[in-house]
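Dear colleague,

Please find below the structure that I am handing over to you, followed by an account of what was found in it. I would be grateful if you read the two side by side.

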Amino acid sequence: MSQDSAYTDGDLRNTGMRLKHDREWDYELERIVDAIDDRDATTVGLQFPEGLKRRGPSVADDLRKLADDGVTFMLSGQPCYGACDLDTYLMKRTDVFVHFGHSPMKNTDKVIYVPLFSNVDVLPIMEEALETLEDPSETKDVGLVTTAQHMNRYDAMTEFLEERGYEVHSRRGDERLTHEGQVLGCNYASADVPADQVLYVGGGKFHPLGLAMEHPDKHVVIADPVNNVVTPADTDKFMKQRYGAVHRAMDAKKWGVIFCTKIGQGRWEQAQDIIADNDDAYLITMDEVTPDRLRNFDMDAFVNTGCPRITTDDGPQFHKPMLTPGEYEIAVGNEPLENLSFDTFHGTW
Ligand code: SF4
């Protein structure tokens, strides 16, 4: 993906996952060692998201000290941006596979998920957010959503709002999500609640942007405890970028249709439907979708059926327009421009 200097507003690496400030994370080493003992494991794979890879060797050192001498720890070097993105090669070759930084997208005994809950106190920024939320005397219903990193504080957040007179609505959106109230960069179904306002507590702007686009009827307030700011979600800039990409792709003749081979990012039927309908569309399979890897394909535009965030965060860095499947339908004239919406991803594998 992109370099540091080119990170866009909604980039995952601008959220709590990137250690701008050195913060403490709970690596749950004892839980991992218990699992190693329980399974008599001799090989253990460790997978970290990009922002925490630099911690990998020291976590492996700490585990070595705690585990029996015969246990070998191995680090995954594959890029990793979500629970959808397991290093299946290393997973198949180790007795225990530990995935740090995300909560389970699919429960399996083979993988130990260590979500790395943030220790940032969320209540001060929620106090500030009260000024931007409707007063409970006028609108008492509020939806509450957050990311996996702050899920350990979800009950405290709910209690905080209830004590101030709000009725908090929450749900577990669908099977792609682990928790009630959780959102992902590709899934905001937990905000489908009977409330006209939604409070998002978490780092970064991408999640609440997707949330606001997916739920244009709701007032979305961002309480960001990582950067210590409260802002209403504003989709205008983002929408302009997406309209621009669609317009640039409208004259495209040859389309590259990207099917992502990462375990939780594949939308095979969607990719197949596109190539079945368009003789000038070519299916391209790949794991990591980067500008460099696509540069040598002689295409006029691309449509990405993998992670929607690659399209929206890194889209401007590709040499040709990169669209979501919904945007593709608009660009080729199958749907009207006003149907432009956020690309969301449901289900697992
Ligand atoms: S597909 Fe969803 S869960 Fe996976 S990296 Fe993209 S936004 Fe995150």
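In helix α1, which spans residues 29–38, the buried residues are Leu29, Ile32, Val33, Ala35 and Ile36. These residues lie on the same side of α1, because the arc they cover around the axis is only 160°. Glu30 and Asp38, on the other side of α1, are exposed. Please bear in mind throughout that this is a predicted model.

Several elements take part in covering the buried residues of α1. Among the strands that do so are β1 (43–47), β2 (72–75), β3 (96–100) and β4 (111–114). Helix α2 (56–66) is also included in this cover. After α1 comes aspartate 40, which has a positive phi, near 50°.

**Domains**

According to the domain assignment, the chain contains domain 1 (26–114), domain 2 (123–232) and domain 3 (236–339). The centres of domain 2 and domain 3, taken over C-alpha atoms, are 30 Å apart. In the contact between these two domains, 7 residues of domain 2 meet 7 residues of domain 3.

The size of an interface is often expressed as the accessible area that is lost when the parts come together. For domain 2 and domain 3, the area buried between them is about 580 Å², and 74% of it is on carbon and sulfur atoms. Of the area that domain 2 buries against domain 3, 66% is supplied by Phe206, Leu209 and Met213, more than by any other three residues.

**Glycine 202**

Glycine 202 is found in the loop between β7 (197–201) and α6 (206–214). Is this glycine buried or exposed? Its relative accessibility is 0%, so glycine 202 counts as buried. If its neighbours within four places in sequence are left aside, glycine 202 is in contact with His150, Ala223, Asp224 and Pro225. Glutamine 272 is 70 residues from glycine 202 along the chain, and 36 Å separate the C-alpha atoms of the two.

**The ligand**

Which residues surround the ligand? They are Tyr81, Cys84, Met105, Arg176, Gly185, Cys186, Gln265, Cys307 and Arg309. By class, this shell around the ligand is made up of 5 nonpolar, 2 polar and 2 charged residues.

With kind regards

Technical notes:
Residues numbered from 1 in each chain as written. Predicted model: local features only at pLDDT ≥ 70, side-chain atom pairs only at ≥ 80, totals over all residues. Heavy atoms only, no water. Near = heavy atom within 4 Å. Nonpolar A, V, L, I, M, F, W, Y, C, P; charged D, E, K, R; others polar. Buried < 20%, exposed > 50% of the residue type's maximum accessible area, 1.4 Å probe, protein only. Helix = DSSP H or I, 4+ residues; strand = E, 2+ residues; numbered from the N terminus. Arc of directions from axis to C-beta. Contact = heavy atoms within 4.5 Å. Domains from an automatic or database assignment. Buried area = accessible area lost by both parts, 1.4 Å probe.
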